[in-house]
Amino acid sequence: MKRVMNAVFYGLILALLALVVEAKKKDDNPNAPPKRLKIETTYTPPSCNRKARKSKTGDRLKVNYSGTFWKDQDTIIDSNHKSGKPYEFNVGLGNVIAGWDRGLTKMCVGEKRVLTIPAHQTNQAEPLVYSVELVGIDTAPAVKSTKK
């Protein structure tokens with residue numbers, strides 16, 4: 001009887017593992033819209049080490065960015081590059097889309113990231129991709145900003 005119980009138990013464990021692996025494969029499908037925020041660091045300056053100042057909730061960030069729809073990453077739909085001025089906002093306070101609030105913390109000045117943001121963390125009905133460079137951090141008090 002004990003052997004049968006052990007066999008059933010291990011059979012259930014294997015079945016659960018197979019389900020987890022299958023679910024993971026579905027999440028990794030490059031043709032499926034993202035369901036979770038993906039943060040890719042594309043450049044880390046040499047000065048960005050354990051002791052370097054990193055962005056945190058409440059900091060006023062200055063960034064350069066360009067954004068595209070996830071389905072059409074060749075067409076820029078949003079950018080501050082033409083203005084020649086960094087975009088400023090307080091991170092983590094809901095002044096920008098959730099993907100930015102989550103994806104732009106713990107960054108060093110000069111660091112670059114690509115954020116692949118699922119639709120539920122944007123102000124659009126579809127996923128977005130933003131290339132962002134952090135150009136400044138200020139600890140100024142929170143200021144209401146135009147939501148991205």
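In the predicted model, the side chains of Arg60 and Glu88 are joined by a polar contact of 3.5 Å, the term denoting a pair of N or O atoms within 3.5 Å of which, within protein, one must be able to donate a hydrogen and the other to accept it, with residues adjacent in sequence counted only if both atoms are side-chain atoms. The side chain of Arg60 also makes a polar contact of 2.9 Å with that of Asn90. Arg60 belongs to strand E2, which spans residues 60-69; helices (H or I, at least four residues) and strands (E, at least two) are DSSP runs numbered from the N terminus. With a relative accessible area of 15%, Arg60 is buried, where buried stands for under 20% relative accessible area, exposed for over 50% and partly exposed for values in between, with a 1.4 Å probe and protein chains only.

The model is predicted, and local features need pLDDT of at least 70, side-chain atom pairs count only at pLDDT 80 or more, and totals for chains, interfaces and linings use all residues. Residues are numbered from 1 along each chain as its sequence is written, and side-chain values use heavy atoms, with hydrogens and water left out.

The protein chain contains two helices and six strands, and its elements follow the order α-β-β-β-β-α-β-β from the N terminus on. Of its 148 residues, 32% are buried. Among the contacts (heavy atoms within 4.5 Å) with a separation of 6 or more, 67% are between residues 24 or more positions apart.

Beyond the neighbours within four places in sequence, the residues in contact with Arg113 include Ile39, Thr42, Gly103, Leu104, Tyr130 and Val132. For Gly103, the C-alpha to C-alpha distance from Arg113 is 8.4 Å, at 10 residues apart in sequence.

In soluble globular proteins, nonpolar side chains tend to be buried together. Val63, leaving aside its neighbours within four places in sequence, is in contact with Asn80, Pro86, Tyr87, Phe89, Trp100, Val132, Glu133, Leu134 and Val135.

Seven aromatic pairs are found in a search of the whole structure; rings of Phe, Tyr and Trp (its six-membered ring) pair if their centres lie within 6.5 Å, and planes under 30 degrees apart count as stacked, over 60 as edge-to-face and the rest as tilted. The ring centres of Tyr87 and Trp100 are 6.1 Å apart with the planes at 75 degrees, so this pair is edge-to-face. Because Tyr87 lies in strand E4 and Trp100 in helix H2 (residues 98-103), the pair ties together parts that are 13 residues apart in sequence. Tyr87 is buried at a relative accessible area of 18%, and Trp100 is buried at 0%. The rings of Phe89 and Trp100 have centres 5.5 Å apart and planes at 50 degrees, so they form a tilted pair, which links distant parts of the chain, with Phe89 in strand E4 and Trp100 in helix H2, 11 residues apart. Phe89 and Trp100 are both buried. Through ring pairs, Tyr65, Tyr87, Phe89, Trp100 and Tyr130 are linked into a cluster.

A charge is placed over a ring if NZ of Lys or CZ of Arg is within 6 Å of the ring centre and within 35 degrees of the ring normal; Lys112 lies over the face of Tyr43 in this sense, at 5.9 Å from the ring centre.

One disulfide, that is, a pair of cysteine sulfur atoms within 2.5 Å, is found in the whole structure. It joins Cys48 to Cys108 at an S to S distance of 2.0 Å, and the link of Cys48 and Cys108 is right-handed, with 65 degrees about the S-S bond. Since Cys48 lies in the loop between strand E1 (38-43) and E2, and Cys108 in the loop between H2 and E5, the pair ties together parts that are 60 residues apart in sequence. Cys48 and Cys108 are both buried.
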